[in-house]
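Biologist: Walk me through this structure, please. I want each label set against its definition.

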Amino acid sequence: MALLLTVNGEDRTSGHGAMTPLVDVLRDEFHLKGAKPVCREGFCGACTVLLDDHPVMACLLPAGLAVGARIRTVESLAPDGALSPLQQVMEEHDVVQCGMCFPGMLMSLSGFLAVTPRPTRDEVKAALSGNVCRCTGYERIIDAVLSL
Amino acid sequence: MAEVTLNFPRRDARDKLRGRTRYTIDRDVSGVLHAALLRAPVPSARILRIDTAAARAMPGVRAVVTAEHAPGRHGIGIADHPLFAAGRVRYHGEPMAAVAADTLAQAQAAAAAIVVELEPLPAVITMAEALGPSASLVHPDWRDYEVLVEGGAHGGNVAWEATVLRGDPEAAFARADVTVVESLFRVGRQNHLSFEPRAAIAAFEDGRCHIETSTQAPWTVRNVTAHLLDVLPSAVRVTVPAVGGGFGLKFDCALEPYAALLARHAEAPVRLVNSRQEEMLTCLSRENAEIRIRSAVTKDGEIAGREAVVLMDCGAYGGEQIFLTTMTAHTLGGNYKLGSVRLASRAVYTNTAPNGAFRACNGTYNTFALERHTDEICEAIGMDPLEFRRRNVLGDGNLGATGQIFEGDVLGPMLDRMAGLRAARPSKQAQAGDRLYGRATTVGTWFVFVGPSAATVNLNADGSATLVTSGVEIGSGSMMQGLPQIVAHTLGLKPQDVVVRAADTDAGGYDVGVGGGRTTVSLGAASMAAASEVRRKLLDVASGMLQTPPEGLTLANGRVEIAGRPGTGASIAEVAVQAQKLVGPIAGSGSFTGPGVAAMPGCAAGHFIDALDIPVFAVHECEVAVDPDTGHVEVLSYAVVQDVGRALNPRAIYGQIQGGVTQGLGYALHEEISIGADGSIRQSGFETYRVPLAQDVVPVEISLFEGAPSIGPLGTKGAGEVPILNVAAAIACAVANATGRRVQELPLTPPRVLELLLGRGLPLDFPHIATAWDDNLLRPLAAASWQGRRMAGPDAPGP
Ligand code: FES
Ligand code: FES
């Protein structure tokens, strides 16, 4: 049975089973390869997407449970090529390294900033506790967020 | 010449931030088959039978291959490593067969259906077992292996032994006026945990194999894959998309030959990607090591003699550890002036997963050992550790362990710079509250791994330039920032007008690989040479156009001008168009390799590098608070003074330092790999292998030390590798300072720190390291007059 999903404002149909992890549907079927399956165990955050504005790990979420919710991926942040303010400060602060964690990191931060527009340093750190980055050592990413 | 554009923004950031970058794991290839490896479930066994008939008959299966399809061996120094376990399993997780099928599930099911009959053999899991009197041999046939580099001593389970002897340490230790201090250290492995796993896609096109892969060393992949497939190296083409982190893990050939072999047998493209579990269990980790170090020191703190034995676990195959035995001389034998020294560095085979290269490699733990040992010396002779370092650090004209003469006073002024930082900011001691407070300042010596690089620059008629190399962007930004800056600087262009071709062994010339801080230096020097040739040709043509000799012309802002008469010249695009008409398109090529700095003849035996072409120094300082109830260590502050030669992109270097220090904090405090009695690595993912999270980290205070001598282009040195070098040293010395205990092991997890505080740990004891230094050697030193001679092997060694 086909799954009806709303991805980045668009209605899409998936031929996958309801138990397929959402990250695989997004990547393999919809070619939205921003979300990265880095651990597939819910620990690294690289696959984070927003489900009705809440950050979720798409590697653990069966696609069937996303039916009826608004799914947003990193690809939605700069729809016409204009970077979102969050993406812009990341570029300006030259914080991107290998870049693999950023799609997840940006979605966690987008969800967080929507409800906490003026965060403290500690709050940003707490918001990132589910997103591992192996390259950057975090602090300069946090500086970038606080410059918003 | 034109000014260098500093802090040039990296051009790959935008797509990475938009989720549009296609790493190897993201590539779609039509008709691609999916592959799985069958891995050994035991650490040591004889293979009695492998039957693939049932697997071949399963749905979707297109190819099944085993050792019989690729019988060759590769390696660094010694060709000891077969593609598949052949006759014998040497580590838990070793590939025994590979399957390609229409889907990954089918490939995995077929791999599981391969019938393997194994007869268990005794295994050596630890180095103590491997060097024990009745140890079973990991490679009983080692005498039959091809030796690729002469000079190392081999024997028993010792894959490679390198030694250094300078001066008369025997006499130094016998002096009446010295205090002898001895220290023992042990460290575990560290997993890179790069976000992108090792991954490769192979396909045959026009009779040649094309491999797209996540690697740092495309030419090593080309050469090793060709060797194992028994084809000419020129029959393999390697291209490299954006790489999702490497840190040294991808400095060696890995999955590529399996994918290529399967593609050849299936006659279809094949994709092979390690799962996170496979990455954990078979990671080419930073090796575990055991160290004994002794020094003879006068009451004034002069180090009259030093000796050490370093055991490095290479796992079941020699790999990088064979090369890295070299780096003991330059790290443990670095930092300080030594009256005399002898060092033995041994790579030891065990029945465990092979280890590899990881950012600053054995420099991290050798620096940990050296700096902790230094603090133990200070305690023994009653000297302030900072004072001891000020007196003893290497300066201009001093000798290194192998007798190389160091140029310039670098570490001394860097210590002064750190003292300035310390004076300028208040101590964080108050934040420790009731906890134990400690601080430490450590020094470190590392190097830029130079070696061969090639570059071509094409000047285009639109005034842009294309830079073609085999360099890979692994995240550090060197390919995206440093290289275009260097070419632009030489040609008077803007860096954004320099297009950098992604690595392709069909387009760029030979390169050792991206690692060891060599990108900006080696690839940079080759790129600068190529651009200089373009510059010459460009000025020649412009000279005719402007009726002015080339010496009277300047290049800047995309224009050629007559010196002193701005606005009278022509745009570089106009000159390029004119050149196409007159002499044909302008191109230049350049190459570079290490110039080779001299060591003292006869000092070093079995070394791949006798002396450092470009030494790099670092000074780190930190404050910690240790909770006496839980053993938890909190880092209160961290400061780095790093020798960068010249900083082209200070912001990017700050990013490398913050990131490198963070990886070092993980290594020092909580990244722990343990190996079970069955020889398997116990940590299988992010849950059990604890890397630093945002809340574990502090902002690193950074001061870039510029101006130290460097042969790098524009005076640069590699800046990405070194930041991790003395983190473990600084943390361990600070924890020792806080607790008053002898810190001898890493990582300093809360249970280990509690053990220290409660005095419950057993003292370290290494029965497999002989007390008399000479008794450790396979090859008595008198016979060790060895002339370093490197022969071309398929693998290029390096960090
Ligand atoms: S891949 Fe989903 S949390 Fe790591
Ligand atoms: S930038 Fe590489 S994992 Fe974050």
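Modeller: Chain A has five helices and five strands. Helices (H or I, at least four residues) and strands (E, at least two) are DSSP runs, numbered from the N terminus. This is a predicted model, where local features need pLDDT of at least 70, side-chain atom pairs count only at pLDDT 80 or more, and totals for chains, interfaces and linings use all residues. Residues are numbered from 1 along each chain as its sequence is written, chains are lettered from A and ligands numbered from 1 in the order written, and side-chain values use heavy atoms, without hydrogens and water.

Biologist: Why does the radius of gyration of chain A agree with a compact globule?

Modeller: The radius is taken over C-alpha atoms, and the globule rule is 2.2 Å times the number of residues to the power 0.38. For 148 residues a compact globule would be near 15 Å; chain A has 15 Å, so the two agree.

Biologist: What makes strand β20 of chain B largely enclosed?

Modeller: Buried means under 20% relative accessible area, exposed over 50%, partly exposed in between (1.4 Å probe, protein chains only). Five of the seven residues of β20(B), 453–459, are buried, so the rest of the structure largely encloses β20(B).

Biologist: How do you know that β20(B) pairs with β26(B)?

Modeller: Pairing takes at least two DSSP bridges between two strands. β20(B) and β26(B) have six, and run antiparallel. Thr456(B) faces Ser589(B) there.

Biologist: Which residue of β21(B) is the bridge partner of Thr456(B)?

Modeller: Val468(B). β20(B) and β21(B) are antiparallel, with four bridges.
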